[in-house]
Amino acid sequence: MRATRAIAVASAAAIVLAACGSDSDSADETEDTTAAEETDDTAAADETADSAATEDTEAAAEGSDDEAAAGDAECPSELVIQTDWFPELEHGGTYQLIGPDGTADVDTVSYSGPIQEQYAVGGLETITIKTVNFDKSQASVLADGDADMAYITSSDIIKDSGAIPLVGIAKTLDQDPQMVMWDPEQYDISEPADIGPTGAQVLHFPGTSYIDYMIAQGFMTEDQSNPSYDGSDAAWVAGGGDVIQQGFATNEVYKYENDIAWKDGGPADVDFYTVADLGFENYPAVITMLQSRVDELDSCLTELVPMMQQAWIDFLDDPKPITDAMIGINETHAGFWGLSEGLNEAGLALVEEEGFAVNSTDGTYCSLDPERMETLYGILEPIYAEQGTEVADSVEGLYTNKYCEGAPGR
């Protein structure tokens, strides 16, 4: 902001009175009166000028304050965000920061572009979104300086808290669409406790927190745990759906029921439990940073986080431009992962139906609920203690709602 300088110009008008007649006393009196008036006018002019100078100084000072306030948000020119998978609708609000006209790069498996004007703050110009890094954990990506922010589930923030000082600063979705799914014709499962008696292998990624929870709850045995899942449909198709498999309710359910030929030469219905159905209220893909990076970018985050959450709301209000763009981004990345219009529409319908994208308890689309975080910590801490995994002494330092103050709601 620029300060507008007020300039006052003061002038004193001298009144010249012509002495008439020959009375010298009268003339002297008139001259004295004129001189006195000139003195008073000059004083008034000086006072006006002084007042104008004071106003000018105050205006300049106020302008400096405004400039300082506007400059408080010191953001890097580029922000790198590591997601936890290939582009999918669960990432939509982050891709909204760039919009549908960014650039997909097959070599770096990333999507980048200028931040849309309505979300730009504090000198931030470019966003780069990286897809999942199969060679590193999300926490390691941050620790190694490969990204400024990363998608990390609240359970994994807790799990890694003993080794890496992580802080969750904002949610992406309110409920976790992660699930376990099965073929209802092969397995009669009507409650989570029925999973164990099936004896089926439960195919999942290594180190999955809710699998640890399922074992601890007695929903499955350790022998059923099969951490060889790579995200593809290969094992499920090869076995004709003879495993129970992790996935996303917003994605794989549609694919296996509509696109993937896995049973009798075609797609077939599957059934599933989300992790919330299992009693595991995890926040998926929390925007997470190193504590040191949070401290460094404090002023930036104060203004940026509400804008990031506005991008989520804008995406959810009008998702098609971004979900359509994600179809092409995945094609450019040339991996095994793909999307379609039908899948995106079905997934978004499920997001609304299951309440995956509702406001937080404080009315913002941003904050992490302290009670949920405390409950989750209470579930996981003894599990990790038994495994010999050291975690933080408390959940309180593992997230902050500071930057959600002033964030919008849906």
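I started with the bend in α13: a kink of about 25° sits at Leu380, shortly before the proline Pro382. The bend at a residue is the angle between axes fitted to the seven residues ending there and the seven starting there. Helices here are DSSP runs of H or I with at least four residues, strands are E runs of at least two, and both are numbered from the N terminus.

A caution for myself: this is a predicted model, with local features needing pLDDT of at least 70, side-chain atom pairs counting only at pLDDT 80 or more, and totals for chains, interfaces and linings using all residues. Residues are numbered from 1 along each chain as its sequence is written, and side-chain values use heavy atoms, with hydrogens and water left out.

Next, the span of α13. The helix covers residues 370–387, 18 residues, and reaches 25 Å from its first C-alpha to its last, close to the 26 Å expected at 1.5 Å a residue. (Expected span is 1.5 Å times one less than the number of residues.) After the helix comes Gly388, with a positive phi near 85°.

Which residues of α13 are buried? I noted Arg372, Met373, Leu376, Tyr377, Leu380, Ile383 and Tyr384. Buried means under 20% relative accessible area, exposed over 50%, partly exposed in between, with a 1.4 Å probe and protein chains only. An α-helix has 3.6 residues a turn, so residues three or four places apart point the same way. The buried residues of α13 pack against α4 (154–160) and α6; contact means heavy atoms within 4.5 Å.

Five strands make an open, mixed sheet in the order β9-β8-β10-β7-β11; strands pair if DSSP finds at least two bridges between them. The edges are β9 (225–226) and β11 (271–274), each pairing on one side only. Helix α6 (209–217) packs on this sheet, touching β7, β8, β9 and β10, and its direction makes about 60° with that of β7. Axes are lines fitted to C-alpha atoms, for helices over the stretch in contact, and angles run from 0 to 180 degrees between N-to-C directions. I also checked β7 (178–182) against β11: antiparallel, over four bridges, with Met181 partnered by Phe272.

Last, the seven-stranded sheet. It is open and mixed, ordered β2-β3-β4-β1-β5-β12-β6, with β2 and β6 as edge strands. The twist averages 30° from one strand to the next. Helix α11 (320–333) packs on the sheet and touches β2 and β3.
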